[in-house]
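Please examine the sequence and the model shown here before reading on. The explanation below is intended to be followed with both in view.

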Amino acid sequence: MARRSVLFSPGDDGRKLRKAAALDADVVVYDLEDAVVPDARPAARETVREALSDVVPATPELCVRVNPVGAGAKEDLAVVLDGPAPDSVMLPKVGDAAAVRELASLLEAHGVDCPVLALVESAAGVLHAEAIAAADPTDALVFGAEDLAGDIGATRTADGREVSHARQHVVLAARAAGVSPVDTHYPDFNDPDGLRTDARAAVELGYDGKLAIHPAQVPVINEAFTPDAERVAWARRILNARDAADGGVFVVDGEMVDAPQVTQARRVLERAGIDRD
Ligand code: COA
Ligand code: MG
């Protein structure tokens, strides 16, 4: 299932929660962590549970971001899971694989077995990304640049060079484990051009999707993570030439092509939702 756009909505705002579920986001994340001040969390848990009972089943994947294990996850689930279960749960500030397993045990105690989207946003999380991605319950590895910058003492820059190593490492860890990598959000929701550039960079790095914080970001992200006609045509040319070729090496557009390009072409068509062997 595609996770191109992953839209956050604050858990204490019932209006936004319902609105988010009706948008075109692939995943909607009802947030009980940083979008909600601690004093408002008890009420927000109820608000999220009520919104889930109104919108389940909905078209987008419905996810709830709980607080870290040992810092509210248990209390969040006790209220939220007293109603229709979400499709997935996002765990923030994951520092090691044990945190994901502990969350899965908490879910199991409520009879819920759902995918976990693990948010890697600390130095420890990035360094342990491989094990976090490989943990059984993990279904996506999400990169969080803002918290990471705070954790490592970096200053955010326009080109993001201070987080580029971590951003690439998360893709490698996710792919090695066969789960999907989802890129950090773009904070300026009034800058579609900047978002488009940032999303395209994420596509080039290998990301499957990107976090969003505002409805206006959803179409920009969906478009960036859907291969354009030119890219689809390239992929078709590669696969058609492969079908017509005698051996494993052949030439397309004047360039040598072999197995790696065939894999890339298959991934492009998969992202475009086109069935082709
Ligand atoms: N989910 C659903 N609806 C949203 C939304 C979101 N994330 N962000 C904005 N909207 C809605 C607004 O309610 C408003 O709806 P309306 O026209 O029906 O009244 C409309 O979209 C336009 O919103 P706008 O006025 O441009 O923004 P805002 O000032 O209401 O909200 C933010 C700005 C940043 C507070 C808001 O986008 C937000 O809450 N984002 C998510 C924050 C979050 O969850 N952060 C945690 C993860 S980093
Ligand atoms: Mg965070």
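This is a predicted model: local features need pLDDT of at least 70, side-chain atom pairs count only at pLDDT 80 or more; totals for chains, interfaces and linings use all residues.

Residues are numbered from 1 along each chain as its sequence is written, chains are lettered from A and ligands numbered from 1 in the order in which they are written, and side-chain values use heavy atoms, with hydrogens and water left out.

The protein chain is divided into domain 1 (5-224) and domain 2 (229-271); such bounds come from an automatic or database domain assignment. The C-alpha centres of domain 1 and domain 2 are 34 Å apart.

Helices (H or I, at least four residues) and strands (E, at least two) are DSSP runs, numbered from the N terminus.

Is E121 buried or exposed? E121 counts as buried because its relative accessibility is 5%, whereas D147, at 29%, counts as partly exposed. Here buried means under 20% relative accessible area, exposed over 50%, and partly exposed in between (1.4 Å probe, protein chains only).

Although buried, E121 has no salt bridge, and the nearest side chain of opposite charge, K93, is 4.2 Å away. For charge, Lys and Arg count as positive and Asp and Glu as negative, while His and the chain ends are not counted. A salt bridge is a side-chain nitrogen of Lys or Arg within 4 Å of a carboxyl oxygen of Asp or Glu. The side chain of E121 does, however, reach the backbone nitrogen of K93 at 2.8 Å. This is a polar contact, that is, a pair of N or O atoms within 3.5 Å; within protein, one must be able to donate a hydrogen and the other to accept it, and residues adjacent in sequence count only if both atoms are side-chain atoms.

How many salt bridges does the structure hold? There are 25. A network of salt bridges links D31, E33, D34, R65, K93 and D147. Elsewhere, D183 and R167 meet in a salt bridge with an N to O distance of 2.8 Å. This pair joins strand β7 (residues 180-183), which holds D183, to helix α8 (residues 164-177), which holds R167. Both partners count as buried, because D183 has a relative accessibility of 0% and R167 a relative accessible area of 12%. Another salt bridge, between D13 and K16, has an N to O distance of 3.3 Å; D13 is partly exposed at 22%, as is K16 at 44%.

S9, in strand β1 (residues 5-10), is buried because its relative accessible area is 5%. Its side chain reaches the backbone oxygen of K16 at 3.4 Å. Beyond its neighbours within four places in sequence, S9 is in contact (heavy atoms within 4.5 Å) with residues including K16, L17 and D31.
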